[in-house]
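The following exercises are to be worked with the sequence and the coordinates side by side. Each task is followed by a solution in steps.

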Amino acid sequence: MSADPFGTAALRSSTLDGWVASPTRLAEDAAAEADLVTVGYRDRLLTELAANAADAAAAAGIAGELSIWVDGDELHVANTGEPLTVEGVRSLAALRVSAKTPTGGQIGRFGVGFTATATVADRVEVRSRTGSIVFDRAQTVEAVREAGLSVDTVPVLRLVWPSKVEPAEGFDTEVVLSLREPSGPLIEAMLAQAPDLVVELAALQRITVGGVEIEAERSAGPEVDDDEASSAIVTVSVSGAGSSSTQRWLEVTRGGTRWLVDADGGRTPDHDVLRAPTPTDIELSLPCRCITDLALTPDRRHLHPRAEIRDAAAGYVDLLLLLDPVRRLQLVPELHLARNRDDVRLIEAVREQLRDTAWLPGAGGEALLPSRSVVLIGLTDRLAEILAEHFTDLVHPDISLAQHLPTMGRLGVEELGLAALAERLGGLQHEPSWWHDLYEALAPLVSTGREVEELGALPIPRSDGRMSVGVRGLFVSDRIATPMRWIPTVHPDARHSLLERLGVQELSVTDALADPALRVLIEDFDPESAGDDGLAAEICAVLRADPDAAVPTWLATLPLLDTDGELRPADELLLPDSPLLSVLVDDHPFGVVDDEVVSECGAGELRRLGVGWGFLTVDDELPVAPDHDLPDEEDWWDTLPDAPERLAAVRDLDLIDDRSWSEALTMMATDEDIAPLLADRDGYTSWWLRRHAEVDGLLLGEYRAPSDEILAGIIDPLDHPHADALVGALARLEPDTAVDADLLLTRLGDPERDISAGAAVMVHAAVVAACRRGVIDPADVEVPERVRTIAGIVTERAVVVDQPWFLQAVPDLEAVLAGPTITPADAEVLATLLDLPLGSEEYTATVRDPGDTATWAHPEAVRFGAERGVEVPRGQVRLHDELWISLRSADSRRDIRVRWWVEDGVTHLELRATSTS
């Protein structure tokens, strides 16, 4: 190899001749280099040397390696690749001249960037396999002086000398810098820059700095849907000094621009700089790293005036399309964050592409054009899945959050409110279960009254197969699953709690049956109308849903088909095999329900409608008049002091065959709804039965309950298995009418009956009490032929004892009492009823002897009051050893000894014999 393979002597001579010819040129070269050192290439030593190494590797077609180490005060930077050339040496020695070709794809090998070496060293040696050279400030000063020039400052990189030192083994080129300052800070800076450089400089695979190895491995990235773009995963590994770390980059290349982002979703830096491909001084706020081939100024810090930064926007959309939905939106650049005019222009270019390209993640997985997209805030995965079929413009649920709305809005995305959603749902045809799933997915979006109002036009499937717009007038029911033509209800398969939050009302079976619309349907029932077909089945289905629901009485007017093919109100029909048929008169007016109707509607439901099986009842909560079409209802109404609060009565009692009353009573007594009516004595049913129902030739009112022992002997017990359950329809001690009183008094006067005196007195007292209460008018009571005395015998001649002392004088065989306690008023009423004289009228009594006058303080008087259970009365008292009265009637006179007597207000007492000890 020649001692001077690169012709450095000629280069030095030419440069020195120029300086001698023009000393100003020397000063200019020194000043120019100083500018590049202090301004243009400050802090860019590793960047420029790494760029040269990358160019060398690219020229050699290999994966380049760069190694940096310190030996004493020398910094060694060695690389693999194409070695030093003659053109390269000339470029290094010629200020402002680069050997880089415009189309070579090189970054700056041996160009002006090499000036960066002068920022840290006054001696720079380049060792290469093809030869080595040295730049040395001290030698340059000596050479200048030898040339006869006197200057204070000389450039380092203008005069070059040959060197015989070869590069380190394993490397093609080695730059050795004699450092002016300690290497520590420089090495630290290089360690920090190296991970970015192996990414920026694709031809450079590995950089080693002081034993720390930084390596970039490139592998195929996700598939890009455009042949003009490609992607790669760049994995940067840093190992050494007992630690290691790894960072992965996702890189998309389109044209001369590469866009990168952390492949593992790492945090995006707040700001970066444009890289072309190494860092410039152009700050960028875009959240992705941009590496471009745009032309730069010689100091590689700014864009060349002819360079258009907007061109670097290419590939940004390609990168976003490879990311998850949330990350895509996070990487949308914002103009208000721009740091300079270049940043603004690049952001504008990127946003133009974002507005005009389909990249926004769609709910269905496809990319959407922002200007043709809508966002539903709060959209969930489930809701998106349901809506995707019809809402192809809906953005992905992961970015359907309020925090992303400003970003998307600035790109042309419109917000889809709940009101607009409801409107767009109109007209969709789906099964009710689909709508239920929709409501389930919508529910989390509805939390306030505002959302409820917005969903006012939400389509809702109805049980009748139609759709309602909004919830107004709609009902839901926990029990009713069948459609009702008179009430719009939500289809059971679509029902969801959201609808109730929106205002759908809960409907009970009772409310459904009482709805006025149903009553109108029944009143306007048209047998010829197809729309009325099946109404009975619908109503019965509702009845079936709640066995305990109240049934309005007017439902009994529902027309039903009978066995003759005629339509008749339900309450004029009986079920086939109804037991009621067996107790009715032959010419009863009832029809029989058609078998097909029974099969379709159900016997139990027809009974609740009013169709007869057993006895039917009338129920009116607030009756105002006897207008319920009950036999003899007006007569019963006249017996009431006031209109009843509630009318509950058995219908059609007048249609019972007289021969079937025993069976009819059994039917009523065993019917849990009717049995209470039989115990209600004042109610219509008991009232009517007492007066019209006959068993064995007697009215029910002429029998007593077997358990009623008070009337034993007076009224015969009813011989019926349910007699005690019929108590309200049977006779009792207290008469309700004059007829009842007639029965009681007549039975008392029946000599064939064995009736005790006590029972007779109780009957008399009950009849008298009824008269005095005004229940009975004595004039309406028929006078019995015979009466029963306190002796228990029947007689035609008797008196009603009206004063208690007369009981001592009137014989028991003719004494009749009006009650257990004798009062003149009661006695007078009974005397009128029985057409008998009072005792005080029939007899005249006179005390024979005047007796001895005393007061009520006398022991005998006190004893008398105590024995009678009365307080000591006032008035005169006369005492007798023996008290005799003369008793006269129209045809007799007799003297009777008595214990006490009252005459003209004076009480006469007989003294008791004093006992001796």
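Predicted model: local features only at pLDDT ≥ 70, side-chain atom pairs only at ≥ 80, totals over all residues.

**Exercise 1.** Describe the salt bridges of Glu 506 and of Arg 651, and state how many salt bridges the structure holds.

*Solution.* 

Step 1. Glu 506 pairs with Arg 495, with 3.1 Å between the closest N and O atoms. Eleven residues separate the two: Glu 506 lies in strand 22 (residues 505-506), and Arg 495 in the loop between strand 21 (475-476) and helix 15 (497-502). Glu 506 is partly exposed, at a relative accessible area of 41%.

Step 2. Arg 651 meets Asp 571 in a salt bridge of 3.8 Å, N to O. This pair spans 80 residues, from the loop between strand 24 (567-569) and strand 25 (573-574), which holds Asp 571, to the loop between strand 28 (647-650) and helix 22 (661-669), which holds Arg 651.

Step 3. Arg 651 has a relative accessibility of 15%. Buried means under 20%, so Arg 651 falls in the buried class.

Step 4. The structure holds 63 salt bridges. A network of them links Asp 196, Glu 200, Asp 272, Arg 275 and Arg 289.

**Exercise 2.** Characterise the surroundings of Gly 81.

*Solution.* 

Step 1. Gly 81 sits in the loop between strand 2 (74-79) and helix 4 (86-93).

Step 2. Its relative accessible area is 2%, and Gly 81 is therefore buried.

Step 3. Once neighbours within four places in sequence are set aside, its contacts are Ala 56, Ala 57, Ala 60, Ile 62, Arg 129 and Asp 172.

**Exercise 3.** Which residues have the most contacts inside the largest nonpolar core?

*Solution.* 

Step 1. The core has 53 residues, and those with the most contacts inside it are Ile 68, Leu 75, Phe 114, Ile 133, Phe 135, Leu 177 and Ile 207.

**Exercise 4.** Describe the largest pocket and the covering of helix 24.

*Solution.* 

Step 1. The largest pocket contains about 1,400 Å³ of space. Its lining comprises 44 residues, of which Gly 610, Leu 616, Thr 617, Val 618 and Asp 619 are the closest to its centre.

Step 2. Helix 20 (603-609), strand 27 (617-620) and helix 23 (675-679) each contribute at least two lining residues. By class, the lining has 19 nonpolar, seven polar and 18 charged residues.

Step 3. In helix 24 (residues 684-692), seven of the nine residues are buried, including Trp 687 and Trp 688. The cover over the buried residues of helix 24 includes helix 21 (633-638), strand 28, helix 22, helix 23 and strand 30 (698-699).

How values were computed
Residues numbered from 1 in each chain as written. Heavy atoms only, no water. Helix = DSSP H or I, 4+ residues; strand = E, 2+ residues; numbered from the N terminus. Buried < 20%, exposed > 50% of the residue type's maximum accessible area, 1.4 Å probe, protein only. Contact = heavy atoms within 4.5 Å. Salt bridge = Lys/Arg side-chain N within 4 Å of Asp/Glu carboxyl O. 1 Å grid on protein atoms, 1.4 Å probe; cavity = no way out; pocket = protein on both sides within 12 Å on 5 of 7 lines; lining within 4 Å. Points joined across faces, edges and corners; volume = space filled by probe spheres on them. Nonpolar A, V, L, I, M, F, W, Y, C, P; charged D, E, K, R; others polar. Core = buried A, V, L, I, M, F, W, Y, C linked by side-chain atoms within 4.5 Å.
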